[in-house]
Amino acid sequence: MSHSQPARDESAWHRPMVARLADEQHRTATMLELFFDLCFVTAVAQAATAFEHELAEGRIGHGVLGYAMVFFAIWWAWMNFTWFASAYDTDDVPYRLLTLVQITGALVLAAGATEAVQREDFTVITWGYVIMRLAMVAQWLRAARADPERRRSCLRYAVGILVVQVGWVVRLALPEGSGLATFAVLVVAEIAVPVWAERAAVTTWHPHHIAERYGLFTLIVLGESITAATGAVHASLDTHAALGDLAALVVGGILTVFALWWLYFAQNAPQRLTTLRVALLWGYGHYFVFASAAAVGAGLALNVSHATGHGHLSDHAAAAAYTVPVAVFIALVWLLHHPTPVRLDTADIVHPVAVAAILAATFTPSPVLVTGILAALLIAAKLSLSARGTTKAGTAQAPRTSP
C-alpha cells in the first residue's frame, strides 16, 4: 500500500484525486458520508416495509426473493462508494456533486423498492441503481487520471462497472422468464469487478475508516428496525390493542436490538482487515449482516401485527420471520470477525449454541421474548468469558515471588 502523502490544492473547487494514505492518522467518516448513509437508509426502510407486507400476506418465498434482490442493489451501491471514498475522498466540488448524484439515485431506488419486492417491477429501481453506478464510473476515471500508480486498477473499475450497467439496462427489455437468471449473472459480474480490478494494483483503503463506515451503517439499519417496530406498536394501539398484550413483544424486541448492537461493536474489525482477501470476504459478508438487521425490524413489526389478529401467517411462520434474521445476524457477525481457532474452546461454542437456541425459540409460546432473553444471555456469556480470560492472562503475567 502506498505511503506517499497525497498532493492537494488549496482550492476546494478541484483537488487532484491522489490516493490517500492507508495508515492516515485520525481518519474518520465525513459529514458527506453520514448524509449519504442517511439517504440510503430510506431505501432500506422501503425494502423492509415491502418485505413485511409480503410476509403478512403469506407470500413468504416471493417476499424473501424480492427483498434479497432489492437489498443487493442497496448494499452494493453503498459498499462500492464506501471503499472508493476510503481511498480517494478529495472532498472537492466535483467529488461532492458526483456523490450527490449517487444520493439522488438512492432516492430513486427507494421509490421503486416497493414495486420491485411486491410486483417484480424492477424498472424504477434499476434506473436508480444505474444512476448511482454511472456516477461511480466518473469517480474512478478521475482517480485514474490523477493516480498513475493505480491507474490500471481504476480503469478496470470504470470499465467493469460500465459494462455491467449496460447489462442491467438490457435486462429490462428481456422476457419475464429470464429475469432471475440474468439477475444472478449480473450479480456475479458486479462482485467480480473489484476482485479483477484490485489484482492490477491494490487501492489504499483505510482499515479503521472502513470499519467505522460499516459500523455506522449497522447503527442506522438497527435504528431503522427500532423505528419500524415502534410504528407497528403505535398502529396496534390505535386499533385499541391492549399494551399488556404487546408487552412481551416490546421487551423482547428491545432486548434483541440492544444485544445485536452490543455484539457487533464488541468486535475489533480493523484488526481483521489485514489483507485484501480477508477484506473482500468481510465486506461481502456484510450483505447478510445488513439485510438481516433490517429484516429484524420487519419481523418484529410483523409479529406485532400478527398478535393483534392481522396477516395470513401461522404462529410458527410469523415467529420464524423474527428468529431467523436474528440468528443470521449473530452467526455472520461471529464468522466475519472470528479467526480460525487452532482448537475449540468455550468461546468458540457459545455463538453456535446461541444461534441454535434462537432458532428453536421459533416453536415457543413467546418467541420474540425468548429470543431477546437468549440474545441478552449471549452477551452476558461473552462478558463472563472475557472477564475470565482477562483474569487468567493477568495471573499468567504476574511476577513470581521467591518463597
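A salt bridge is a side-chain nitrogen of Lys or Arg within 4 Å of a carboxyl oxygen of Asp or Glu. In this predicted model, the side chains of Arg-213 and Asp-37 meet in such a bridge, with 2.6 Å from N to O. The structure holds 10 salt bridges.

- Arg-213 belongs to helix α7 and Asp-37 to helix α1, so their bridge links distant parts of the chain, 176 residues apart.
- Both Arg-213 and Asp-37 are buried.
- Through shared partners, salt bridges join Glu-33, Asp-37 and Arg-213 into one network.
- The side chains of Arg-213 and Glu-33 also form a salt bridge, at 3.5 Å from N to O.
- Because Arg-213 lies in helix α7 (residues 207–238) and Glu-33 in helix α1 (residues 31–56), this pair ties together parts that are 180 residues apart in sequence.
- Glu-33, like Arg-213, is buried.

**Contacts of Arg-20**

- Arg-20 forms a salt bridge with Glu-24, in which the closest N and O atoms are 2.7 Å apart.
- The relative accessible area of Arg-20 is 13%, which is under the 20% limit, and therefore this residue counts as buried.
- Glu-24 has a relative accessible area of 22%, which lies between 20% and 50%, so Glu-24 is partly exposed.
- The backbone oxygen of Arg-20 is reached by the side chain of Thr-204 at 2.7 Å.
- Thr-204 is located in the loop between α6 (179–200) and α7.
- With a relative accessible area of 0%, Thr-204 is buried.

**Helix α3**

- Helix α3 covers residues 93–119, a run of 27 residues.
- At 1.5 Å a residue, α3 should span 39 Å, and its end C-alpha atoms are 39 Å apart, which agrees with that expectation.
- A kink of about 40° is present in α3, centred on Gly-112.
- The N-terminal end of α3 is capped by Asp-92, of which a side-chain oxygen lies 3.0 Å from the backbone nitrogen of Tyr-95.
- After α3 comes Glu-120, which has a positive phi, near 60°.
- An α-helix has 3.6 residues a turn, so residues three or four places apart point the same way.

Note on methods
Residues are numbered from 1 along each chain as its sequence is written. This is a predicted model: local features need pLDDT of at least 70, side-chain atom pairs count only at pLDDT 80 or more; totals for chains, interfaces and linings use all residues. Side-chain values use heavy atoms; hydrogens and water are left out. Helices (H or I, at least four residues) and strands (E, at least two) are DSSP runs, numbered from the N terminus. The expected span of a helix is 1.5 Å times one less than its number of residues. The bend at a residue is the angle between axes fitted to the seven residues ending there and the seven starting there. A polar contact is a pair of N or O atoms within 3.5 Å; within protein, one must be able to donate a hydrogen and the other to accept it, and residues adjacent in sequence count only if both atoms are side-chain atoms. Buried means under 20% relative accessible area, exposed over 50%, partly exposed in between (1.4 Å probe, protein chains only).
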